[in-house]
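This report describes a single protein chain.

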Amino acid sequence: MRSIRRLRLRRELQRAAFERAKKSGKRVLVDFGGNWCPDCRILAGVMDLPAVKSFVETHYEVAAVDVGYFNRNLPVVNRMGVQKLRGV
């Protein structure tokens with residue numbers, strides 16, 4: 001039951017990013033990743049650098065999608081047209 005609530009919350013957060021982007025005229029940056037993935041963690045660190053963070057916040061709305069070990073949120077991955085998940 002709790003996992004269903006988390007899934008609904010994630011969907012709502014992703015939908016909210018697209019709605020904010022539509023209102024603000026920004027593009028959406030979809031970040032597929034997981035906290036177990038070294039490349040994803042490095043990318044997260046780079047995205048937190050002040051210059052990068054400022055640029056991203058100015059031009060994009062970010063929708064983070066946790067894909068687990070390539071087995072979570074796959075409907076979102078498929079809906080985005082991603083053929084294969086790869087590292088950074």
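## A nonpolar surface patch

In this predicted model, Ile 42, Leu 43, Val 46 and Leu 49 make up a nonpolar patch on the surface. Their accessible area together is about 320 Å².

One of the patch residues, Ile 42, lies in helix H2, which covers residues 38-47. Ile 42 has a relative accessibility of 55%. It counts as exposed because the cut-off for that class is over 50%.

## Overall fold and surface

The protein chain contains four helices and two strands. Their order along the sequence is α-β-α-α-β-α.

Of the 88 residues in the protein chain, 18% are buried. The accessible surface of the chain is about 6900 Å², and carbon and sulfur atoms account for 55% of that surface. Among contacts with a separation of 6 or more, 69% join residues 24 or more positions apart.

## The aromatic pair

How many aromatic pairs does a search of the whole structure find? The search finds one. Phe 55 and Tyr 60 form this pair, with 6.4 Å centre to centre and 55° between the planes.

Are the two residues, Phe 55 and Tyr 60, buried, partly exposed or exposed? Phe 55 has 48% relative accessibility and counts as partly exposed. Tyr 60, at 25% relative accessibility, also counts as partly exposed.

How values were computed:
Residues numbered from 1 in each chain as written. Predicted model: local features only at pLDDT ≥ 70, side-chain atom pairs only at ≥ 80, totals over all residues. Heavy atoms only, no water. Buried < 20%, exposed > 50% of the residue type's maximum accessible area, 1.4 Å probe, protein only. Contact = heavy atoms within 4.5 Å. Areas by Shrake-Rupley, 256 points an atom, 1.4 Å probe, with all protein chains shown as cover. Patch = residues over 30% accessible without salt bridge, like charges linked within 9 Å, V, L, I, M, F, W, Y side chains within 5 Å. Salt bridge = Lys/Arg side-chain N within 4 Å of Asp/Glu carboxyl O. Phe/Tyr/Trp six-rings, centres within 6.5 Å; stacked < 30°, edge-to-face > 60°.
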